[in-house]
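The report below goes through a protein model residue by residue and helix by helix. Please keep the sequence and the structure at hand while reading.

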Amino acid sequence: MSTDPDSSADFDSGIDPDVFRDEDDRISPLWLERLRAFLSAGRADDIAMVMAPLHAADVGDVLESINADERVLLVRLLGDRFDYSALTEIDESVRTQLMEELPNAEIARGVAGLDNDDAVAILEDMEQVDLDEVLAKLPTFERLSLKRSLDFPEDSAGRRMLTDFIAIPPFWTVGQTIDYLRREHELPDEFYQLYVVDAAYQVLGTIALDKFIRAPRTTPIQDLMNTNLVLVDANEDQEEAARDFERYDLIEVGVVDESNRLVGVLTIDDIVDVIHEEADEDIKLLAGVGDEDISDSTMYTVRSRVPWLIVNLFTAVMTSMVIGLFNATIEQMVALAVLMPIVASMGGNAGTQTMTVTVRALSMRELDGSRLRRLISREMIVGLINGLIFAVLIGLVTWLRFNNLQLGAVIAVAMVINMAVAGTAGILIPLTLEKFKADPAIASSVFVTTVTDVVGFIAFLGIAGLWFGLF
């Protein structure tokens with residue numbers, strides 16, 4: 001295949017959206033080859049032509065599909081035609097690497113036209129020296145606005161908020177407000193409700209746009225506003241803010257500071273990103289892989305995974321020591337060595353199921369007093385019933401395979417014990433970690449697996465030793 005960007009045999013002179021992605025919704029290799037050819041030739045206008053139709057999210061996919069040198073070249077060749085909002089759509093490691101290669105003056109120019117929340121997402125991971133230099137190059141109002149957002153805690157509502165909103169006094173009429181909106185040029189690009197505030201910018205009420213546009217021009221704003229307010233504190237964790245959106249079916253919510261003054265708004269598009277990030281984080285923590293991205297380097301990935309693998313090593317040693325206590329028992333009946341992984345494995349899987357339900361309920365703040373008691377009793381009963389079901393199955397299989405009814409009974413009893421313990425451990429361990437302010441998503445799986453392995457081996461080998469008089 002030719003790599004000449006002028007070759008009409010391989011490349012269409014125009015850009016059709018269907019050409020950018022193939023039938024599997026991946027970036028077309030042909031389209032990507034064309035872009036790389038333009039990059040190699042330094043053809044900035046042609047690069048701008050093929051990139052112009054793309055949404056910022058698609059540009060982000062392009063940046064992740066090319067190598068580090070090509071990313072820098074792409075941004076530099078596009079210059080002021082590069083939309084920096086695309087940097088909010090890529091992995092943190094890719095963004096950090098790219099930002100390190102770009103001059104601070106270029107970064108300042110790129111973020112100057114962005115919404116506050118997008119600019120904060122790009123700048124918040126920069127070194128303080130570089131961040132100060134970028135902020136110093138911005139216009140005064142934008143600099144102060146960004147600095148205020150960056151002063152809020154990481155992963156807080158204040159970091160996520162837009163600082164552009166529409167605030168009006170209660171004594172205006174609908175007609176006055178419409179006239180103001182028509183003549184004002186510095187309005188937010190998108191907004192979903194109006195905020196009614198007093199002279200101190202404390203929120204008195206809100207007006208949804210659908211209600212506002214249906215009202216007669218003479219209607220006083222104070223007669224139209226909704227005073228049942230849902231507001232978010234700027235210092236509140238973004239996960240808590242997302243929970244408010246879910247609970248009250250919100251599209252937009254006002255953000256207030258410690259003085260209860262309106263300082264920004266959160267919109268549903270940002271909250272969708274928060275929900276995705278938090279779910280992604282919890283999934284990774286359950287597996288002990290930290291905040292890894294697929295774009296991370298090999299050594300970073302190794303450093304991220306080693307700590308919990310070390311913990312797993314210690315728990316595995318503990319489990320092996322338990323097995324070592326029954327060496328004599330295993331030597332006298334080799335079938336025990338064949339069967340004991342079954343008991344531990346089934347207990348581990350059952351415990352993981354319960355643990356996953358519990359960790360999710362904790363993260364969603366669903367466990368109040370009555371729900372907690374119901375969940376504990378339910379999971380213990382479920383563990384016992386599942387234990388009885390699989391005890392019968394594995395007991396019959398063992399009896400038929402080894403022609404030993406007593407061995408089938410032994411593994412059946414051990415299965416019931418371990419499955420019941422697994423259900424109990426799967427809920428009590430996350431609850432205990434939560435009580436001691438440890439993140440259940442991080443540590444639960446290690447402890448639950450250790451408990452089910454140890455109990456499973458002790459129950460099976462211990463009962464077998466007593467039953468067959470092998471001690």
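Is Phe-314 buried or exposed? In this predicted model, Phe-314 has a relative accessible area of 58% and is therefore exposed, since the cut-off for that class is over 50%.

Leu-35, a residue of helix α2 (residues 29–41), is buried, with a relative accessible area of 1%. Leaving aside residues up to four places away in sequence, Leu-35 touches Ile-47, Val-50, Met-51, Val-62 and Leu-74. Leu-35 and Asp-46 are separated by 11 residues in sequence, and their C-alpha atoms are 8.5 Å apart in space.

Helix α3 (residues 44–51) has 6 of its 8 residues buried, so it is largely enclosed by the rest of the structure. The buried residues of α3 are Ala-44, Asp-46, Ile-47, Ala-48, Val-50 and Met-51, and they pack against α2, α4 (56–65) and α5 (68–78).

Ser-444, in helix α22 (residues 440–467), is buried as well, with a relative accessible area of 0%. With residues up to four places away in sequence again left out, Ser-444 touches Met-355, Val-359, Ile-429, Pro-430 and Leu-433.

**Salt bridges**

| Pair | Closest N and O atoms |
|---|---|
| Arg-21 and Asp-58 | 2.7 Å |
| Asp-125 and Arg-95 | 3.7 Å |
| Arg-160 and Glu-277 | 2.5 Å |

Arg-21 forms its salt bridge with Asp-58. This pair links distant parts of the chain, 37 residues apart, with Arg-21 in the loop between α1 (17–20) and α2 and Asp-58 in helix α4. Arg-21 counts as buried, at 18% relative accessibility, and Arg-21, Asp-25, Asp-58 and Asp-61 are linked in a network of salt bridges.

Asp-125 is joined to Arg-95 by a salt bridge. Because Asp-125 lies in the loop between α8 and α9 and Arg-95 in helix α6 (residues 92–101), the pair ties together parts that are 30 residues apart in sequence. Asp-125 is partly exposed, with a relative accessible area of 29%, whereas Arg-95 counts as buried at 10% relative accessibility.

Arg-160 makes its salt bridge with Glu-277. Arg-160 lies in helix α11 and Glu-277 in helix α16 (residues 268–286), so that parts of the structure 117 residues apart in sequence are tied together by this pair. Arg-160 is buried, with a relative accessible area of 16%, while Glu-277, at 35% relative accessibility, counts as partly exposed.

Notes: Residues are numbered from 1 along each chain as its sequence is written. This is a predicted model: local features need pLDDT of at least 70, side-chain atom pairs count only at pLDDT 80 or more; totals for chains, interfaces and linings use all residues. Side-chain values use heavy atoms; hydrogens and water are left out. Helices (H or I, at least four residues) and strands (E, at least two) are DSSP runs, numbered from the N terminus. Buried means under 20% relative accessible area, exposed over 50%, partly exposed in between (1.4 Å probe, protein chains only). Contact means heavy atoms within 4.5 Å. A salt bridge is a side-chain nitrogen of Lys or Arg within 4 Å of a carboxyl oxygen of Asp or Glu.
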